[in-house]
Amino acid sequence: MCGIVGAVAQRNVSQILLEGLSRLEYRGYDSAGICTLDNGECHLIKTLGKVNKLKEAVKEEGCPGFIGIAHTRWATHGVPSTANAHPHVCDNLIMVHNGIIENFASLKEDLITKGYNFKSQTDTEVLLCLIHSLLKTSGNLMSAFRTALKEVKGSFGLALMDKNDPERLLVARCGSPLIIGLGIGENFVASDTLALLPVTRRFIYLEENELAVLTTDTIEVTDLDGHKVEKNIVESDLDAESISKGKYRHFMQKEIFEQPLSLQNTLLGRLDNDEIALETVVGINSDTFKKLDNIQIVACGTSYHAGLVGRYWFEELTHVTTNVEIASEYRYRKAVVKPNSLFITISQSGETADTLASLRIAKEQGYEHSICICNVNGSSLVRESDFTIFTKAGAEIGVASTKAFTTQLLSLLLLALIIGKQKGCVAQAQQQNIIEAIRKLPALCEEFLACDKNIQSLAEKFSGKRHCLFLGRGIMYPIALEGALKLKEISYIHAEGYAAGELKHGPIALIDKEMPVVVVAPDNALMDKLISNVEEVRARGALIYIFKSGESDIKNDSQSKIINLPDCPEVLQPILFTIPLQLLAYHCAVINGTDVDQPRNLAKSVTVE
Ligand code: F6R
């Protein structure tokens, strides 16, 4: 989704801004722009498409200046075009914006009657003109900024410059993340810390309805009423190298292969012999969940699939009723919250608008506790939840979530064990067995990754296919859903995941010899049932690809191909069987020639509703 970078320094800032934009590319965008101020002159350049085009334009045209703002836009109001790309300019004011101004239409009508003409279709330009009109009346930019922000409804992260006051950068946050980076004799702003890692690792996270004024030497944070707010400076443990592809062709490929390490990191310090070290889950003590009666999990996309897997573990290991819901639905439902309920959000980015809104609603609904399973330290969900389990996957740049998903799964399993133990539902021997299995996970993950070459040749069979089904049963049903999501989002092959038993209730009508069917079939108690479902599909002429472990009656023949995978403990099957499905999606996307790391229309961090 849109990205913001801004800088005020004692050197030219265009390279800092462009590097920042490159580092935000992974979030998804359709156009980019930059504006610097130099000797009373405004250098504005905007291009459609990739940041590299903007870089070339800057090289040609030049973009000098010690203060500047830049943006990658993911269209919400108005088509992708250079006119709609940010920064937007209104007379002396220049602004970039992430988020959506919901009441822009009525504000625009009002501004038109005041004589404003609009060059773009964006809500951003409306807000900018509103600030400009208020500045004309008050003569004070800060008060015009504040008044305008009180008038708008919606969400925003903003950075604003004034040609007549080129020493100050004004920034504000409401609903869209914004981070201030502290340098020496220079300060920065961005929508994501990754953008600023080459210039600083010291950050201030703005909270909702906070504004800040940045100069080269000062940072002053206030609320919407102008009261000063004291902020903590947070040192990031990420470094600029976190976002290099290394020896890999794509970030997604690198991130798939990083999973043994990321899973190892998720476990780091969390296992203490046969126990889970509680102190690693900030704030939870040995009694926190003793009285727990209900769990509600809320998330979006891949993180939602992690939640669906989590439900099986929670109900088995904690005996607590567990529900899982898509955040964009949960937030508009009048949920009935029973006493002793726990609200869990799952999010790679920690900034997903619907998940964050659901958490805020949940806090008013009377949940006993909230826990967030998240990959980004300092993110909004982390700051607003009672407890956090960091997945510690490391920066995930590929838009399609891979290592974030498997580390979310592992974190959910650890949490299920913690709660199960506190409620007395997990016997010591059972815990010991599961922890023993978990310790083997990174090594088993390497073994599963060794199927890469096999999967690469399998992917060729999907070339030219338009549709595909993924089948699973029980805890592997969400993995089938995740396999289908991965395939469709990066290879653009239409794919759906189904619970295998549900097939005959409708979807079986789709099956013919053109429809590949991927079956997720680890060796477990539902294997026989699954084989019966596979037979139903085979009888309709489908091409079947069976990802399986252990012995079974399924045989390779002209219609079905078996992909044999290593044996692994049953509790780890959802995590490990995800890996070949990620690889399948990756290789299909490479064959189809799509933009693997930044698939069309998608954004890494969905900060608007
Ligand atoms: C798919 C994918 C998305 C995200 C979803 C939620 O590969 O990455 O479906 O899972 O947008 O994002 P987070 O986890 O950041 O809340």
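1. The model under discussion is predicted. The points below take up ring contacts first, then cavities, then pockets.

2. The count of aromatic pairs comes to 6. One of them joins Phe289 and Phe387 in an edge-to-face arrangement, with 6.4 Å from centre to centre and 75 degrees between the planes. Phe289 belongs to the loop between strand S16 (275-276) and strand S17 (294-299), while Phe387 belongs to strand S21 (residues 387-390), so this contact ties together parts that are 98 residues apart in sequence. Phe289 is buried, at 0% relative accessibility. Phe387 is likewise buried, with a relative accessible area of 10%.

3. In the pair of Tyr330 and Phe343, the ring centres lie 5.4 Å apart and the planes stand at 50 degrees, so the pair is classed as tilted. Tyr330 comes from helix H9 (residues 327-330) and Phe343 from strand S19 (residues 341-347); the two residues are 13 apart, and their pair links distant parts of the chain. Tyr330 has a relative accessible area of 0% and is buried; Phe343 is also buried, with a value of 0%.

4. Two contacts between a charge and a ring deserve attention. Lys108 places its charged end over the ring of Phe118, at 5.1 Å from the ring centre.

5. How many cavities of 30 Å³ or more does the structure hold? There are 2. The largest has a volume of about 60 Å³, and its lining includes Cys2, Trp74, His77, His86, His97 and Asp123. Strand S6 (93-101) and helix H4 (123-138) each contribute at least two residues to this lining. By class, the lining comprises 2 nonpolar, 7 polar and 2 charged residues.

6. The second largest cavity has a volume of about 50 Å³. Among the residues that line it are Arg473, Met476, Pro522, Asn524 and Leu530. Strand S24 (516-521) and helix H16 (527-539) are the elements that give two or more residues to it. The lining of this second largest cavity divides into 7 nonpolar, 1 polar and 1 charged.

7. Between which domains does the largest pocket lie? Both domain 1 (3-242) and domain 2 (245-439) give residues to its lining, so the largest pocket lies between these two. Its volume is about 830 Å³. The lining consists of 38 residues, and those nearest the pocket centre are Leu238, Asn375, Val376, Asn377 and Ala395. Strand S14 (234-235) and helix H7 (259-267) are the elements that supply two or more residues, with H7 giving the most, 3 residues. The classes represented are 13 nonpolar, 14 polar and 11 charged residues.

8. The second largest pocket contains about 600 Å³ of space. Of the 29 residues that line it, Cys300, Gly301, Thr302, Ala603 and Val606 lie nearest its centre. Helix H8 (301-318), S19, helix H10 (353-364) and helix H15 (477-491) each give two or more residues to this lining, and the largest share, 5 residues, comes from H8. The lining divides into 13 nonpolar, 11 polar and 5 charged residues. Domain 2 (245-439) and domain 3 (450-609) each provide at least three residues to the lining of the second largest pocket.

Methods
Residues are numbered from 1 along each chain as its sequence is written. This is a predicted model: local features need pLDDT of at least 70, side-chain atom pairs count only at pLDDT 80 or more; totals for chains, interfaces and linings use all residues. Side-chain values use heavy atoms; hydrogens and water are left out. Rings of Phe, Tyr and Trp (its six-membered ring) pair if their centres lie within 6.5 Å; planes under 30 degrees apart count as stacked, over 60 as edge-to-face and the rest as tilted. Helices (H or I, at least four residues) and strands (E, at least two) are DSSP runs, numbered from the N terminus. Buried means under 20% relative accessible area, exposed over 50%, partly exposed in between (1.4 Å probe, protein chains only). A charge sits over a ring if NZ of Lys or CZ of Arg is within 6 Å of the ring centre and within 35 degrees of the ring normal. On a 1 Å grid over the protein atoms alone, a cavity is a set of points where a 1.4 Å probe fits but cannot get out, and a pocket is an open set with protein on both sides within 12 Å along at least five of seven lines; lining residues have an atom within 4 Å of a point. Grid points are joined across faces, edges and corners, and a volume is the space filled by probe spheres set on the points. Ala, Val, Leu, Ile, Met, Phe, Trp, Tyr, Cys and Pro count as nonpolar, Asp, Glu, Lys and Arg as charged, and the others, Gly among them, as polar. Domain bounds come from an automatic or database domain assignment.
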